[in-house]
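Q: Could we go through this structure together, a piece at a time?

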Amino acid sequence: MIGSLDARLPEGPLEDAWTNRKFALRLVNPNNKRRFTVIVVGTGLAGASAAASLGELGYRVKAFTYHDSPRRAHSIAAQGGINAAKNYRNDGDSVYRLFYDTIKGGDYRSREANVYRLAETSLAIIDQAVAAGVPFAREYGGLLDNRSFGGAQVSRTFYARGQTGQQLLLGAYSALMRQVAAGAVDLHTRAEMLDLVVAEGRAAGVVVRDLLTGEVSAHAGDAVILATGGYSNVYYLSTNAMMCNVTAAWRAHRRGALFANPCYTQIHPTCIPAGDDFQSKLTLMSESLRNDGRIWVPRALDDTRPPERIPEAERDYYLEERYAAFGNLVPRDVASRNAKAVVDAGRGVGPLRNGVYLDFSDVLARDGADVVRTKYGNLFDMYERITGEDPYRAPMRIYPAVHYTMGGLWVDYNLMSNVPGLFVAGEANFSDHGANRLGASALMQGLADGYFIVPYTVGDYLAGRLGEAGPGTDHPSFAAAVSETDASIARWSAARGSRTVDWFHRELGRIVWDHCGMSRSAAGLAKALAEIPALREEFHADVCVPGSAATLNQSLEKAGRVDDFFELAELLARDALEREESCGGHFREEHQDAEGEARRNDDRFAHVAAWEWAGPATEPIRHREELEFQTVTPTVRSYK
Amino acid sequence: MSPTEPSGAAHGAQGEPPDGPATLNLRLRVWRQDGPEAPGRFETYEAAGISPDASFLEMLDVLNERLTLDGQEPIVFESDCREGICGTCGLMIDGRAHGPQKGTATCQLHMRQFSDGDLITVEPWRAGAFEVIRDLAVDRTALDEIIAAGGYISVNVGAAPDANLVAVPKEAAECAFDAAACIGCGACVAACPNSAAQLFTAAKVQHLNLLPQGQPERWARTEAMVETMEQFFGSCTNHGECEEACPKEISIDFIAWTNRDYVRAKLKNRKLAGQS
């Protein structure tokens, strides 16, 4: 049972909070740093940057990734850019404005101190990335270019063509490989974390499986950092990579770490609509397309004419009409819900009637194809490769898809979970985005956590551990965790039912999408809470996992991940049911105004819901961390 | 034709009836190999009723589901982002790295590029440095070794000056970016008759060598990365197959520049040695 949740928020005015906290954090002297082993799980933006920074500081670092190389983490897929309050454009940006936009964008469901620190740290991230050779876009004078992104009214987004995530990850990866070569980081590739070891009340290590040989091994560390990404793949179809999963975070949850706000999921408005059952994932088309593309559907129901035969007067540019100030640039949650509304009303377009048009004919007529190609060429090409349709000639078809999860393991201001010694960074934690993440903020958070926050706060934790030898792998907790992992692998690899793991994953995804997707209701969530455990039981009884556990076995890997998704899905639905308000990505049909806009309930729900695992088939315990707003006043988010 | 001119042909897919275009019936010759030491062999499979809108990997997903339900082991192949950016996937399709479509990674290749009745041969990357792990999956850690040898700028976190302190000419930045677009898939190695990794290495070297930030370590980096590459891979003899296979269409000009930098690095470093 957990006591009260202490977020260890800093005292004093926001502007000085992080500086004061950094001064208060204890230091470990250089000679002592090498006595400590820090385990980092996941080597995407947050994990690679954390591992590299800790290696540079002199700690012994063990880094684990299930990929064959750290460069493959899904951070690479972020297209649009990274925010920083540099105000290089002289357009009125500031740390305070980035803070304000982020906390408002998160629908007032995040901590002021965390968000302020994120905005403050954004400045150093850009400096670090440029020094490391990240080729950001530049002006003719040789200085950095910026653009407005995701509805921001200032140009604060730094970008690298449509590959900002890829280039930033390559920067962090190169820093990591430098530390690997220097012997500071011991890198384990194709090694999947399957359990967290908690001994004497602290995070003491991890259990990993070598994906090539099947060997299960235990690793001890003085602190453990999870940077294992988000859980969008609980929906089966999402823009996440095929292997993204919740397993590392979920196993930590089962060992006592609280899981916060699982119902805060982000549905990105501009993705290519799903095709048929064979569809394995969805592809995002950068949000930057909304800067020039106009979104519309036919006004009439069941209008199957091709788009160019539909006259202007019979087109419904619904975002422009409804949100005069922001138009097509409204935040992601608003754009997504509106797309769902028109498709549900029977005005969807495309062969499956499951999309809306994103039309570039105005900008093509105004600026010409060459200008459009310079801006969006790679995106247009990608669209054509996937759909076989040419967006220079016909409007794109888009539809929202699950993209990012704001929820994650609960952490305090120091990014430490309620399990001492367990830190969580990047998308895997819940810390900075509240109920909705703004565009170009995910890369910012991953690198802030990894480069500039965790290296300080882990040091503070370790300073308190000087002279205390942590439990080694001979501690009984390690043996117990390894044998539980072995037993679970043995159970899966003996499964010879009649359906594939993917079949169950797809069915689970359908339930979660239908009832815990863009719009949620008490009745739907109750249905999900009945259907998920029933399907899970069937999964256990009837799944087929061919092959042996002593070799590369992708079905076996997936079986364990999908099993964890089942448990997470239930928690997600429960969290959504308990949160009787609409905020950000969480839209409850019962809580909307007459025009269908989200209605928050600050009196009852201005808090973080942090769930405690209470055992299998037992109702989890909901803890609350109240959110206090001292600098900004929560208002109704309006984009009209 | 102007880009905005309506074209009936362009709307073909949208104008299709809801049941969609006809499906493809294919035969696949797939390389199966149980482990690095085990002998490999081709197996032939029927892939019937495949949608032309499916990607090549989704076609293999469908086949794998059928194999699993038939009590067989699914074909091992690797992929992750399925957006052509992470570099995890990579198959030899009818003898071509990433298949017939230029500038396209395997995951972005769609079945509309094939015809009903086709026999398609699918193999793993073939190169001495890329040991087959299982079926179509290979070990590409040699590429990481090249990066560890010098594919970075040595700047500790916290030491960076303001990002706009050093101006980078736009042309240099763009050119560095063209090199930085490499996704590390290894298609260049697979396509090369010598299994050389020159295009990968050159892209990584030039990304940093072209930028002002990369100058202090330029010569040491070039020498270390090229010589590490040579420990694992064959030699370049200018076939140009790498550029043809590269899903990011990276130019072999970078190889020429890297050769030039390598020669200069040898001279520069010899000079340094003479001074010490």
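Predicted model: local features only at pLDDT ≥ 70, side-chain atom pairs only at ≥ 80, totals over all residues.

Q: Let us start with strand E6 of chain A: how many of its residues are buried?
A: Eight of the nine residues of E6(A), which covers residues 191–199, are buried, so the strand is largely enclosed by the rest of the structure.

Q: Which way do E6(A) and strand E7 of chain A run, and how many bridges join them?
A: They run antiparallel, and eight bridges join E6(A) to E7(A), which spans residues 202–210. Within this pairing, Ala191(A) stands opposite Asp210(A).

Q: And what about the hairpin, how many residues lie between the strands?
A: Two residues lie between E6(A) and E7(A), and Glu200(A) in this hairpin takes a positive phi near 50°.

Q: Changing topic, at what angle do helices H1 and H5 of chain A cross?
A: The axes of H1(A), residues 14–24, and H5(A), residues 112–131, cross at roughly 80° and come within 9 Å. Angles of 65 to 115 degrees count as roughly perpendicular, and the two helices are therefore described that way.

Q: Which residues meet there?
A: From H1(A), Leu14(A), Ala17(A) and Trp18(A) meet Glu112(A), Ala113(A), Tyr116(A), Arg117(A) and Glu120(A) of H5(A). By class, this contact has five nonpolar, no polar and three charged residues.

Q: Now chain B: how is it divided?
A: Chain B has domain 1 (13–134) and domain 2 (140–275), with C-alpha centres 31 Å apart. Their contact takes 17 residues from domain 1 of chain B and 16 residues from domain 2 of chain B.

Key
Residues numbered from 1 in each chain as written. Chains lettered and ligands numbered in written order. Buried ≥ 20, exposed ≤ 12 C-beta atoms within 10 Å, placed from the backbone. Helix = DSSP H or I, 4+ residues; strand = E, 2+ residues; numbered from the N terminus. Pairing = 2+ DSSP bridges. Axes fitted to C-alpha atoms, helices over the stretch in contact; angles between N-to-C directions. Parallel < 35°, antiparallel > 145°, perpendicular 65-115°, else oblique. Contact = placed C-beta atoms within 7 Å. Nonpolar A, V, L, I, M, F, W, Y, C, P; charged D, E, K, R; others polar. Domains from an automatic or database assignment.
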